Amino acid sequence: MRDADLSDGLLAWYDRHARVMPWRIGPAERKAGLRPDPYRVWLSEIMLQQTTVAAVRAYFVRFTDLWPDVSALAGADDSAVLGEWAGLGYYARARNLLKCARVVVSDHGGRFPDTRDGLLGLPGVGPYTAAAVAAIAFDRPETVVDGNVERVVSRLRAVRTPLPAAKPELTALAAALTPRTRPGDHAQAMMDLGATVCTPRSPACGICPWRDPCAARARGIAGDLPRKSPKKPKPVRHGIAYLARRPDGAWLLETRPGSGLLGGMLGWPGAAWVEGTPDADPPLDADWQDAGEVRHTFTHFHLILSLRAAETCAAPSRGTWHAPPGFRASDLPTVMRKALDQANSRLPPLERTGPGAL
Ligand code: SF4
């Protein structure tokens with residue numbers, strides 16, 4: 001079957017089965033003349049990096065309620081945006097999101113560049129995101145290859161080379177499938193096919209628009225593809241976090257350095273995260289109690305964070321007190337919130353109830 005026929009078949013399937021997403025203009029809306037809003041496409045693509053559609057939906061709706069266009073986002077307070085991002089992970093994305101919005105407003109008159117190369121000049125926009133935004137928002141014939149697309153193409157063409165070595169081959173095969181007409185819908189159709197039909201463990205070949213031309217299905221090896229080279233085990237790092245609570249319910253927190261992991265986010269005073277033994281003086285004199293540990297996995301390492309908790313009125317040598325209702329537990333990145341939950345379960349309940357309790 002010709003590549004053009006494959007794309008036609010996929011688009012016909014997409015017209016009937018496209019997933020509904022809050023940032024997407026579906027096939028019926030497109031036929032009615034609606035066009036995607038580049039701001040919403042860009043925002044969704046940044047949020048979806050390393051993150052599932054299910055996790056992103058609520059964040060996307062909240063962000064676009066608070067900041068409905070790029071000018072509104074560019075004018076937002078950094079702390080408000082980082083706070084709303086808390087829990088979504090990969091916090092460098094939130095910092096770059098703000099930088100990018102401000103560059104679009106200051107250097108591009110509030111309009112996103114409409115080509116892959118133009119988009120690549122924006123902060124936080126790499127080759128994948130530039131191709132996705134160019135294709136989806138501007139209908140440019142760019143090839144968009146995420147994990148779903150790699151899986152579909154490796155099966156369609158029965159590519160046995162393991163990932164990541166197979167990436168260039170899979171990208172070239174995906175490029176050959178990209179049509180000149182409706183390339184944005186084609187890109188989204190490929191992702192939808194991988195997410196809903198050609199799934200990792202049990203592909204539903206019986207309802208797949210590509211069941212006839214699919215080489216892996218014909219050979220009975222669909223479930224074995226794509227092959228993957230064994231991953232190196234992640235190192236384990238250790239840290240210490242000091243969680244000090246005042247009797248009025250305020251917590252001692254500090255803002256992490258602007259660059260690096262969780263940069264610019266609120267966190268607990270403590271030791272640097274190292275593969276050996278961590279060491280840090282407490283931020284104030286108190287009767288520190290061992291509050292156990294929390295575990296969290298980042299992209300490149302596992303973290304075991306040992307917790308010390310205390311209730312105190314002492315003056316701190318670092319950090320500042322944050323009291324509800326201005327401070328919300330949801331402002332914290334996930335690992336810091338896990339530590340808070342655990343410390344709360346170990347410290348005695350606050351004597352008074354009301355806005356001071358988190
Ligand atoms: Fe995937 Fe099966 Fe479709 Fe092939 S036929 S692309 S393996 S779902």
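1. The lining of the second largest pocket receives at least two residues from each of helix 7 (92-108), strand 4 (289-297) and helix 14 (334-346). Helices (H or I, at least four residues) and strands (E, at least two) are DSSP runs, numbered from the N terminus. The model is a predicted one, in which local features need pLDDT of at least 70 and side-chain atom pairs count only at pLDDT 80 or more, while totals for chains, interfaces and linings use all residues. Residues are numbered from 1 along each chain as its sequence is written, and side-chain values use heavy atoms, with hydrogens and water left out.

2. This second largest pocket holds about 460 Å³ of space and is lined by 22 residues, of which L88, G89, Y90, F298 and T299 lie nearest its centre. A pocket is, on a 1 Å grid over the protein atoms alone, an open set of points with protein on both sides within 12 Å along at least five of seven lines; a cavity is a set of points where a 1.4 Å probe fits but cannot get out; lining residues have an atom within 4 Å of a point. Grid points are joined across faces, edges and corners, and a volume is the space filled by probe spheres set on the points.

3. Domain 1 (3-224) and domain 2 (236-346) each give at least three residues to the lining of the second largest pocket; the domain bounds come from an automatic or database domain assignment. By class, this lining has 10 nonpolar, 11 polar and one charged residues (Ala, Val, Leu, Ile, Met, Phe, Trp, Tyr, Cys and Pro count as nonpolar, Asp, Glu, Lys and Arg as charged, and the others, Gly among them, as polar).

4. The largest pocket has a volume of about 1700 Å³. Its lining comprises 49 residues, with Q50, D146, G147, E150 and K167 nearest the centre. Two or more lining residues come from each of helix 3 (38-48), helix 9 (127-138), helix 10 (147-156), helix 11 (167-177) and helix 12 (183-196). The lining of the largest pocket divides into 20 nonpolar, 14 polar and 15 charged residues.

5. Two cavities of 30 Å³ or more are present. The largest cavity, of about 120 Å³, is the space taken by the ligand (a molecule sits in a cavity or pocket if more than half of its atoms lie within 2 Å of its grid points). Of the 15 residues lining the largest cavity, R155, C198, C205, C208 and C214 lie nearest its centre. Helix 10 provides the largest share of this lining, three residues.

6. Around the ligand stand R155, V197, C198, P203, C205, C208, W210, R211, C214, R217 and A222, a residue being near a molecule if one of its heavy atoms lies within 4 Å of it. This shell has eight nonpolar, no polar and three charged residues.

7. The model contains 18 salt bridges, each a side-chain nitrogen of Lys or Arg within 4 Å of a carboxyl oxygen of Asp or Glu. One of them joins the side chains of D192 and R24 (2.8 Å, N to O). Because D192 lies in helix 12 and R24 in the loop between helix 1 (3-17) and helix 2 (27-31), the pair ties together parts that are 168 residues apart in sequence.
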